[in-house]
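These notes record what I looked up in the structure shown below. I began with its pockets and then turned to side-chain contacts.

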Amino acid sequence: SRDQIIKETIAMGGTVPEGEAPPWGLISIKAQMVDSEIPMQPITMMRNALGKEEGGSGVPLVRDKYDESVKYWSNHATIA
């Protein structure tokens with residue numbers, strides 16, 4: 001959300017001029033060759049599960065989704 005972009009910008013020491021907050025921001029571009037959503041990477045799930053005071057979003061970790069992610073990413077690689 002726009003509010004989250006503003007909070008993250010300020011947390012990283014940046015400033016947001018009044019009325020100039022971006023309407024959106026890119027987090028990640030994941031190219032894929034399948035017509036379905038691939039699992040989020042395990043490290044991202046763990047990071048998101050941290051509380052906001054630790055830099056996460058506070059979203060609870062869902063064990064089944066995490067296990068699915070580990071299984072998928074144990075057999076696939078990210079090419080940067």
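**Entry 1: the largest pocket**

I first looked up the largest pocket, which holds about 1,200 Å³ of space. I take a pocket as an open set of points on a 1 Å grid over the protein atoms alone, where a 1.4 Å probe fits, with protein on both sides within 12 Å along at least five of seven lines. The volume is the space filled by probe spheres set on the points, which are joined across faces, edges and corners.

The model is predicted, so I noted the conditions: local features need pLDDT of at least 70, side-chain atom pairs count only at pLDDT 80 or more, and totals for chains, interfaces and linings use all residues. Residues are numbered from 1 along each chain as its sequence is written, and side-chain values use heavy atoms, with hydrogens and water left out.

I then listed the lining, meaning residues with an atom within 4 Å of a point. The largest pocket has 40 lining residues, and Ile27, Ser28, Thr44, Arg47 and Asn48 lie nearest its centre. H1, H2 (42-49) and H3 each supply at least two residues of this lining; helices here are DSSP runs (H or I, at least four residues), numbered from the N terminus. H1 gives the most, with seven residues. By class I found 19 nonpolar, 14 polar and seven charged residues. Nonpolar covers Ala, Val, Leu, Ile, Met, Phe, Trp, Tyr, Cys and Pro; charged covers Asp, Glu, Lys and Arg; the others, Gly among them, are polar.

**Entry 2: the second largest pocket**

The second largest pocket holds about 250 Å³ of space. Its lining includes Pro39, Met40, Met45, Asn48 and Lys65. H2 and H3 are the elements that give two or more residues to this lining, and the largest share, three residues, comes from H2. I recorded eight nonpolar, one polar and two charged residues in it.

**Entry 3: confidence**

I checked pLDDT, the predictor's confidence in each residue, from 0 to 100. The chain has a mean of 85, and 96% of its residues reach 70 or more.

How many salt bridges does the count come to? By the rule used (a side-chain nitrogen of Lys or Arg within 4 Å of a carboxyl oxygen of Asp or Glu), the count is one. It joins the side chains of Asp67 and Arg63, at 3.0 Å from N to O. Asp67 and Arg63 are four residues apart in H3, so about one helical turn separates them. Asp67 is partly exposed at 35% relative accessibility, whereas Arg63 is exposed at 57%. Buried means under 20% relative accessible area, exposed over 50%, and partly exposed in between (1.4 Å probe, protein chains only).

I also found one aromatic pair. The rings of Tyr72 and Trp73 have centres 5.0 Å apart and planes at 80°, so the pair is edge-to-face. Rings of Phe, Tyr and Trp (its six-membered ring) pair if their centres lie within 6.5 Å; planes under 30 degrees apart are stacked, over 60 edge-to-face, and the rest tilted. Tyr72 is partly exposed at 23%, while Trp73 is buried at 17%.

**Entry 4: after H3**

Last, I looked up His76, which lies in the segment after H3 and is partly exposed at 40% relative accessibility. His76 and Asn48 are 28 residues apart in sequence and 21 Å apart in space, C-alpha to C-alpha.
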